[in-house]
Amino acid sequence: MTKPGMDADMATDVDRWRAPFVVGQELVADIAFTPDSVRAFATLTNDTNPLHHDEALAAGTRFGGLIASGTQTTGLLLGSLANHIFPDNASLGLGCSFQLRKAVPADAAMTARWIVRTITPKPSLRGVIMALEGGLFDKAGVAFVEATATIAVMPHEALSLCARRGSPS
């Protein structure tokens, strides 16, 4: 059935869409930190903590050098998730939580890893709600950041439907 204001082709495309993920699927991306990226990110987010800017001061701390801000580590972790969804699908973040386990050195090579835990159909969004667990890990598999996220995933066309109906519920 075509909704008011939606053409038949759009309705058919949305109705045929299937979630492109499965429970247990792992989504992985490499993330590299550099002293310059740590300083730049901290500056952009107005984080004046000297552990993100002052190499000499940071070298004298228990961290032994510059560290990435929690905002940078969690932002890049969420961004890695978004990159697995787009450009083929649309997504809306619904919630997330983080545990910052270890400071991320400014020269670290890390891996962002998410595991799909549940996929629940959400007809009002013409998509699904996905719950994921993940984190930011070093090459030895040590978790520096642990995370959970809940996102809505849908075909791009469903965003225009959501906009006409109001906020997702």
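What percentage of the 169 residues of the protein chain count as buried?

1. Of the 169 residues, 36% are buried, where buried means under 20% relative accessible area, exposed over 50% and partly exposed in between, with a 1.4 Å probe and protein chains only. The model is predicted: local features need pLDDT of at least 70 and side-chain atom pairs count only at pLDDT 80 or more, while totals for chains, interfaces and linings use all residues. Residues are numbered from 1 along each chain as its sequence is written, and side-chain values use heavy atoms, with hydrogens and water left out.

2. The protein chain holds five helices and five strands. These are DSSP runs numbered from the N terminus, helices being H or I with at least four residues and strands being E with at least two. From the N terminus on, the order of elements is α-β-α-α-α-β-β-β-β-α.

3. The five strands form an open sheet in the order S1-S3-S4-S5-S2, with antiparallel pairing; two strands pair if DSSP finds at least two bridges between them. S1 and S2 are the edge strands, each pairing on one side only. Neighbouring strands are turned by 20 degrees against each other on average, direction ignored.

4. S1 and S3 are joined by seven bridges in the antiparallel sense, and Ile31 has Met110 in S3 as its bridge partner. Eleven bridges link S3 and S4, with Ala112 partnered by Leu136 in S4. S4 and S5 share ten bridges, including that of Glu133 with Thr148 in S5.

5. Five residues separate S4 and S5 in their hairpin, where Gly141 takes a positive phi near 90 degrees.

6. Helix H4 (residues 70-85) has 16 residues and spans 23 Å from its first C-alpha to its last, close to the 22 Å expected at 1.5 Å a residue; the expected span is 1.5 Å times one less than the number of residues. H4 lies across S1, S2, S3, S4 and S5 and runs at about 145 degrees to S2. Axes here are lines fitted to C-alpha atoms, for helices over the stretch in contact, and angles run from 0 to 180 degrees between N-to-C directions.

7. Among the buried residues of H4 are Leu77, Leu81 and Ile85. The buried residues of this helix pack against the strands S1, S2, S3, S4 and S5 and against helix H2 (35-44), contact meaning heavy atoms within 4.5 Å.
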